[in-house]
Every structure is written in structure tokens, then in C-alpha cells.
Amino acid sequence: MEEAENQAVHKRCSIEKSLDIVGGKWSFLVIREMMFHEKKRFGELKQAVCGVSSKSLTDTLRHLENNGVITRTAYPTVPMTVEYALTEKGHALHAIIHEMKKWGNDWS
């Protein structure tokens, strides 16, 4: 009986699931930068997201790609050119990002 209660307590709500898909602080900032651009390269994102390290940006991009929020397209150039773009799932976050921006303006 106790195990069944523990399982019920640990069922994840939709907010937890959403946060697992999107990830952390850097993810929201990367998504924000990609909202109005069809494609962005790593260097462009690094420059646009103030304070992010190369490792954190790489980890964030991998996380978003693995969760279907962005796509990664590599072109066989020297050096290799890689572009990132939001998927339909990523674009669906537009309203959330907009509301976060509005809330930040209203309460900060």
C-alpha cells in the first residue's frame, strides 16, 4: 500500500513535464533568440545570449534537439557550418515566452 501511495505522489504534473522538455534558464533565452529568426548559428547564439559559456550553450542545444524543440543541420564545409532552427514544437512556445516577457516587464 505504501509503495502505491509513493508512486501516486511522484506522478509528474504537466508543468514538470514541460520543464523537463524545455530545460533550464539558458533554454528559454536560446528559444527567445530563435523566435524571430529562421535559423541561427552557434556563434550567433553565443553572442546573443549574454553570459552563456560555450559548454552550457552546447549542452542546452543538445537538450533542446533531443527533446524535439530545435533541429540541428550540419553542412559539409570547412570548418563545418551548423544551423539551428525551431521546430513546430519550439514555435509553440512563442506564447509562453511572450507572457514571461510581459510578466518580467510588469513585475521587475
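Biologist: What pattern does the protein chain follow, read along the sequence?

Modeller: The protein chain runs α-α-α-β-α-α-β-β-α-α. That is seven helices and three strands. Helices (H or I, at least four residues) and strands (E, at least two) are DSSP runs, numbered from the N terminus. This is a predicted model: local features need pLDDT of at least 70, side-chain atom pairs count only at pLDDT 80 or more, and totals for chains, interfaces and linings use all residues. Residues are numbered from 1 along each chain as its sequence is written, and side-chain values use heavy atoms, with hydrogens and water left out.

Biologist: Why is Ser27 called buried?

Modeller: Buried means under 20% relative accessible area, exposed over 50%, partly exposed in between (1.4 Å probe, protein chains only). Ser27 has a relative accessible area of 3%, so Ser27 counts as buried. Ser27 sits in helix α3. Beyond its neighbours within four places in sequence, Ser27 is in contact (heavy atoms within 4.5 Å) with Val22, Thr60 and Leu64.

Biologist: What makes Asp20 partly exposed?

Modeller: The relative accessible area of Asp20 is 39%, therefore Asp20 falls in the partly exposed class. Asp20 belongs to helix α2 (residues 14–22). Not counting residues up to four places away in sequence, Asp20 touches Arg12, His63 and Asn67. Asp20 and Asn67 are 47 residues apart in sequence, with 8.8 Å from C-alpha to C-alpha.

Biologist: And Met35: buried or exposed?

Modeller: Buried, because the relative accessible area of Met35 is 9%. Met35 lies in the loop between α3 and β1 (40–41). Leaving aside neighbours within four places in sequence, Met35 is in contact with Leu86, Gly90, His91, Leu93, His94 and Ile97. Met35 and Leu93 are 58 residues apart in sequence and 8.9 Å apart in space, C-alpha to C-alpha.

Biologist: How many residues has the largest nonpolar core?

Modeller: The largest nonpolar core has 20 residues. A nonpolar core is a set of buried Ala, Val, Leu, Ile, Met, Phe, Trp, Tyr and Cys residues joined through side-chain atoms within 4.5 Å. Val30, Ile31 and Ile70 have the most contacts inside this core. The elements giving two or more residues to the core are α3 (25–34), α5 (54–66) and β3 (81–86). Helix α3 gives the most, with five residues. In soluble globular proteins, nonpolar side chains tend to be buried together.

Biologist: Which residues is Val30 in contact with, leaving aside its neighbours within four places in sequence?

Modeller: Val30 is in contact with Leu45, Val49, Leu57, Thr60, Leu61 and Leu64.

Biologist: How do you know that Lys25 lies over the face of Trp26?

Modeller: A charge sits over a ring if NZ of Lys or CZ of Arg is within 6 Å of the ring centre and within 35 degrees of the ring normal. Lys25 is at 4.5 Å from the ring centre of Trp26, and Lys25 is placed over the face of that ring.

Biologist: What radius of gyration does the protein chain have, against a compact globule?

Modeller: The protein chain has 17 Å, but a compact globule of 108 residues would have a value near 13 Å. The radius is taken over C-alpha atoms; the globule rule is 2.2 Å times the number of residues to the power 0.38. The C-alpha trace spans about 60 × 40 × 25 Å along its principal axes.

Biologist: How much of the protein chain counts as buried?

Modeller: Of the 108 residues, 27% count as buried.
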